[in-house]
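Please find below some notes on this model, written for someone opening it for the first time. They are set out as numbered points.

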Amino acid sequence: MKKIQISPSILSADFSQLGNEIKKLEDAGADMIHVDVMDGHFVPNLTIGPPVIKALKKHSSLIFDVHLMISPVHKYIKAYSDAGADIITIHPEATNDLSSSIFEIKKLDKKVGVSLNPKTKIDTIIDHLKEIDLVLIMSVNPGFGGQEFMPEVLDKIKDLKKIQKKQELDFDIEIDGGINFDNAKSAIEAGANILVSGTTIFKKNNGDIKRNIELLKSK
Ligand code: DX5
Ligand code: ZN
C-alpha cells in the first residue's frame, strides 16, 4: 500500500506571496507542491510559466508536481524541466504524439504524469501505462480551483487500479479537483495515493494550512 501524499495546489494560494506560501506548505508537512500551469488556450484561465517556477524553486526543497494544462505542450516540456519541474504531467489531448512527449520528459530525467479529464477514458492512455510514473485523474474540468467534486471519477480510479494490478505496474494515482475532508477517504479507498487540494488546504479552518494538510492525511 503506497503512502498517502498531499500535493497542495498553489492555484488557491496568495499569488502576491507565492514564495512565502510554498515555504508555509513545506513547514506544514506538504509532500510536494502542485503547480497548475494554464495557458488560456487549453483551459480558459492563465496562470504562471517557467520564470515563476524557477523563482519559486529557490524557496522550497519539495518536489514540484507541475500540471501542464497547456497546448501544444510538446515544445514547452524542456522549458518546464529547466525551470525545475520534478514531475511533469501533460494532457493527452494537448499533444499530437503522446509517446514522443512521454519520451521527451523521460529524456530530461523527470517523472512523467498523464492527466485524464473527467470525460477522457482510460483507453486513451492504456498503451502508455507502462511508460509513465503517475496518472492524474481530474475530478473537475480543468481551469479553476474551488469547483464541485465529480464523484463519478471514483469508478475510473477503481478501473485504473484493476488494470494496474493486472499489468503489475506501480505508477502513482493522483486525484485533482474539489478534494475536501468529506471525499478524501473515498478517493483513497478507490485507489488514489496522492491528493491534490487547493481550496480545502488554503481556505478551510481559517486558512490553517498545517491543520488542513493533517486532516487530509488522516483520512
Ligand atoms: C484545476 C487544477 C486543480 C485545482 C485544485 O484545473 O488542476 O489542481 O486547482 O483546486 P481545488 O482543490 O480548489 O479544486
Ligand atoms: Zn492541477
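1. Which polar backbone atom is 2.7 Å from an oxygen atom of ligand 1? The atom belongs to G143. A polar contact here is a pair of N or O atoms within 3.5 Å.

2. This is a predicted model, in which local features need pLDDT of at least 70, side-chain atom pairs count only at pLDDT 80 or more, and totals for chains, interfaces and linings use all residues. Residues are numbered from 1 along each chain as its sequence is written, chains are lettered from A and ligands numbered from 1 in the order in which they are written, and side-chain values use heavy atoms, with hydrogens and water left out.

3. Ligand 1 is surrounded by 21 residues, a residue being counted if one of its heavy atoms lies within 4 Å. The closest are D36, G143, D176, G198 and T199. For G198, a backbone N or O atom is 2.7 Å from an oxygen atom of the ligand. S9 contributes an N or O atom of its side chain, 3.2 Å from a ligand oxygen.

4. Helices α7 (residues 199–207) and α8 (residues 209–217) pack at about 115°, their axes 7 Å apart. That makes α7 roughly perpendicular to α8, a term for angles of 65 to 115 degrees. Helices are DSSP runs of H or I with at least four residues, and strands are runs of E with at least two.

5. Where the two helices meet, the α7 residues are T200, I201, F202, K204, N205 and G207, and the α8 residues are I209, R211, N212, I213, L215 and L216. Contact means heavy atoms within 4.5 Å.

6. N205, in helix α7, has a positive phi of about 45° although it is not a glycine.

7. The S71 to P72 peptide bond is cis, with omega near -5°. P72 sits in the loop between β3 (63–69) and α3 (77–83).

Terms used: Axes are lines fitted to C-alpha atoms, for helices over the stretch in contact, and angles run from 0 to 180 degrees between N-to-C directions. Angles under 35 degrees count as roughly parallel, over 145 as roughly antiparallel, 65 to 115 as roughly perpendicular and the rest as oblique. A polar contact is a pair of N or O atoms within 3.5 Å; within protein, one must be able to donate a hydrogen and the other to accept it, and residues adjacent in sequence count only if both atoms are side-chain atoms.
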